[in-house]
Amino acid sequence: MTKEKFLNIANKPLRLLHYFSVDPNFTYKYLGNYFNKDYSSQVLKISDSEFEDLLQQGKSVIRLGDGEIHIANHGYLGQQEYSKKITEGIKDIIKFTWSKEYESGESGLILCIPHRYIEMTNEKIRENGLMRCWLPFRIYYRMYFNKKARYYDAHVFYENGSFKKYILPQLEGQNVLFVTNEKNVKLLKNNEDKFKFNAYYFAVPEKDSFSMYEDVKQRVLSFSKQYPNIKVVLAMGTPSKLLAFDLSSNNNICCYDTGFGIQYIFDNNKLQDQLKLK
């Protein structure tokens, strides 16, 4: 038995105790479906063409993944210190899926979730070694998300060429503020000769970017007064989702929560191979 496998087995009871202390109902569902090989859910999906149309309407994009559900369960991520405000913020986004505004498509948001993994059976998820990663999200989706609402794919910016296809056309000729870490800022600046828009930058720490949340929010609001109808590309971890949600009612601001797909804007062929999306 490898050390990694041993630690995974040893951590399971602790993980379940943690889940139970936070959300007993979630824990019961988790245990009750862990060995159900046919467990899966269906998602009402936004099509690729609809996604393009919604982007052209100026809607912001928020992606939720396994990390956000881990935080919703009061978990800790390596790049982000635990904060009750982040947990509450993620839960607010999920609750928003039940609003008439979102269900009717009248909100300023496009919510993206990992529907390929939600719709897989446990048997397939287990074959791919992804139970620990995706079962919590699958349970959370069944329990707390509005199943009558429609969602796009959370991995959209991790597919080859998708950033160029969907986002760059929205940025052309616009004032664009990139909020990300210093490494990504340097990478973007090195490619400015390829930009067809005016680029501005606000650097945040690679770890615990939430520590600068209010500073970033005020910077974006100030920037929007100087340059109306700005586009904001966010790659600062989970706080990106909260910021896009907080600003979604502001008609002068459009946010794209791209995640680390931002690193491959001009070299996207490497990303899908690296992630090995199933």
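**Around Lys-231 and strand β7**

Guide: Lys-231 is found in strand β7, residues 230-235. Welcome! This is a predicted model, in which local features need pLDDT of at least 70 and side-chain atom pairs count only at pLDDT 80 or more, while totals for chains, interfaces and linings use all residues. Residues are numbered from 1 along each chain as its sequence is written, and side-chain values use heavy atoms, with hydrogens and water left out.

Visitor: Which residues is Lys-231 in contact with, leaving aside its neighbours within four places in sequence?

Guide: Contact means heavy atoms within 4.5 Å. The partners of Lys-231 include Gln-170, Leu-171, Gln-174, Cys-254 and Tyr-256.

Visitor: Why is β7 called largely enclosed?

Guide: Because 6 of the 6 residues of β7 are buried, the strand is largely enclosed by the rest of the structure. Ile-230, Val-232 and Leu-234 point one way, while Lys-231, Val-233 and Ala-235 point the other way.

Visitor: How do you know that β7 and β8 pair?

Guide: Two strands pair if DSSP finds at least two bridges between them. β7 and β8 (residues 253-257) have 5 bridges, in the parallel sense, and Val-233 stands opposite Tyr-256 in β8. The chain crosses from β7 through helix α13 (residues 239-246) to β8 in a right-handed β-α-β crossover. Right-handed applies if, with the strands pointing away from the viewer, the path from the first strand over the helix to the second runs clockwise. Strand β5 (residues 175-180) also pairs with β7 in the parallel sense, over 5 bridges, with Val-179 opposite Leu-234.

Visitor: What makes Lys-241 and Asp-257 a salt bridge?

Guide: Their closest N and O atoms are 2.7 Å apart, and that meets the salt-bridge rule. Lys-241 lies in helix α13 and Asp-257 in strand β8, so the pair ties together parts that are 16 residues apart in sequence. Lys-241 is called buried because its relative accessible area is 5%, and Asp-257 because its value is 0%. Salt bridges that share partners join Arg-63, Lys-241 and Asp-257 into one network.

Visitor: Why is Lys-45 called partly exposed?

Guide: Its relative accessibility is 37%, so Lys-45 counts as partly exposed. Lys-45 forms a salt bridge with Glu-119, with the closest N and O atoms 2.8 Å apart.

Visitor: What is the mean pLDDT of the chain?

Guide: The mean pLDDT, the predictor's confidence in each residue from 0 to 100, is 88 for the chain, and 87% of its residues reach 70 or more.

Technical notes
Helix = DSSP H or I, 4+ residues; strand = E, 2+ residues; numbered from the N terminus. Buried < 20%, exposed > 50% of the residue type's maximum accessible area, 1.4 Å probe, protein only. Salt bridge = Lys/Arg side-chain N within 4 Å of Asp/Glu carboxyl O.
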